[in-house]
Amino acid sequence: MQDVPSLVAQARDGRPRAVARLISLVEGASPQLREVMAALAPLTGNACVVGLTGSPGVGKSTTTSALVTAYREQGRRVGVLAVDPSSPFSGGALLGDRVRMSEHASDPGVYIRSMATRGHLGGLAWAAPQAIRVLDAAGCDVILVETVGVGQSEVEIASQADTSVVLLAPGMGDGIQAAKAGILEIGDVYVVNKADRDGADATARELNHMLGLGEARAPGDWRPPVVRTVASRGEGVGELVQALEKHRAWMAEQGVLTARRLARAAHEVETIAVTALRARIGDLHGDRHLTALAERVVSGETDPYRAADELVASLTTA
């Protein structure tokens with residue numbers, strides 16, 4: 001058993017090993033998880049959470065690394081959660097982001113953690129919200145959450161971040177991807193990375209055009225900017241940081257930040273509750289009640305919805 005109060009105190013002092021142990025408790029769904037979350041709760045709510053998503057190959061890890069450099073130059077502590085897709089069969093993942101961000105490995109003001117989705121749709125590991133809380137409580141001023149987004153099921157980052165950044169690159173069919181995948185609804189800031197390539201101007205123009213189509217914005221509403229970067233050379237990163245700061249200031253002024261965090265907390269509570277109920281249903285596999293309900297559905301005595309209602313009732317009254 002881990003000494004949770006001691007781990008939390010060490011994490012607050014910036015000790016990376018303590019942060020790593022706390023996140024490991026989260027990922028492993030440790031029996032001490034409730035104690036960890038209770039200890040962290042009063043210490044959270046100070047970090048700026050920025051989500052970065054985009055198709056594979058657009059330069060998310062390079063952009064994340066460039067943002068880390070920019071924020072460190074401002075003297076801010078930075079946490080990075082790099083969420084990689086994992087195999088639905090073995091659970092394994094590439095987890096190559098630490099390699100790409102190796103230049104920050106020795107910086108005590110930066111904490112980098114790779115996490116696997118473990119088959120979880122939405123592009124985020126199920127433990128990501130709690131891991132964000134750990135980094136927040138550990139004193140990170142900015143938390144960058146990098147995840148893969150390649151379709152409609154991969155936009156969950158928007159529900160976990162204060163500001164969502166969508167990256168695109170010229171020559172990758174991203175115009176069509178943006179139009180069909182719904183990412184035009186989730187982005188607060190759009191980045192055309194690798195802007196030194198042919199077609200970057202056309203990609204930015206097309207993106208601006210699509211952002212303006214059918215949008216009915218009231219005065220004072222946020223209009224997502226399109227920033228061009230060459231992250232590998234650090235070009236445009238300053239403009240990206242400015243765009244992120246402007247969005248945060250706008251959210252604070254309009255009350256959007258509080259609303260987003262309330263929605264995020266509500267979603268987190270709901271997810272924990274549903275997970276607990278699912279675990280209880282799992283315990284019923286092979287149980288006589290569940291088997292009896294299944295037999296009644298097969299025989300036509302009842303329908304699946306009525307059987308499900310009976311199962312829920314038995315769970316909530318047990």
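**Figure 1. Right-handed crossing of helices H2 and H6.** In this predicted model, helix H2 crosses helix H6 in a right-handed sense. H2 covers residues 16–27 and H6 covers residues 128–137. The two helices pack at an angle of about 160°, and their axes lie 9 Å apart. Angles over 145 degrees count as roughly antiparallel, and H2 and H6 are therefore roughly antiparallel to each other. On the H2 side, the residues that meet H6 are Val 19, Leu 22, Ile 23 and Val 26. Their partners in H6 are Gln 130, Ala 131, Val 134 and Leu 135. By class, seven residues of this contact are nonpolar and one is polar, with no charged residue.

**Figure 2. Left-handed crossing of helices H2 and H3.** The crossing of H2 with H3 is left-handed, whereas that of H2 with H6 is right-handed. Helix H3 spans residues 33–40 and packs against H2 at an angle of about 130°, with 9 Å between the axes. H2 and H3 are therefore oblique to each other. H2 contributes Leu 22, Leu 25 and Val 26 to the contact, and H3 contributes Leu 33, Val 36 and Met 37. The residues of this contact comprise six nonpolar, no polar and no charged. Leu 22 and Val 26 of H2 take part here and also meet H6.

**Figure 3. Helix H4 and its surroundings.** Helix H4 comprises 14 residues, numbered 60–73. From its first C-alpha to its last, H4 reaches 20 Å, close to the 20 Å expected at 1.5 Å a residue. Ten of the 14 residues of H4 are buried, so the helix is largely enclosed by the rest of the structure.

**Figure 4. Gly 75, following helix H4.** This view shows the residue Gly 75, which comes after H4. The phi of Gly 75 is positive, near 80°.

**Figure 5. The chain as context for the close-ups.** The chain holds 13 helices and seven strands. It has 318 residues, of which 46% count as buried. Among contacts in the chain with a separation of 6 or more, 73% are accounted for by residues 24 or more positions apart.

How values were computed:
Residues numbered from 1 in each chain as written. Predicted model: local features only at pLDDT ≥ 70, side-chain atom pairs only at ≥ 80, totals over all residues. Heavy atoms only, no water. Helix = DSSP H or I, 4+ residues; strand = E, 2+ residues; numbered from the N terminus. Expected span 1.5 Å × (residues − 1). Buried < 20%, exposed > 50% of the residue type's maximum accessible area, 1.4 Å probe, protein only. Axes fitted to C-alpha atoms, helices over the stretch in contact; angles between N-to-C directions. Parallel < 35°, antiparallel > 145°, perpendicular 65-115°, else oblique. Left-handed = near helix turned anticlockwise from the far one by under 90°. Contact = heavy atoms within 4.5 Å. Nonpolar A, V, L, I, M, F, W, Y, C, P; charged D, E, K, R; others polar.
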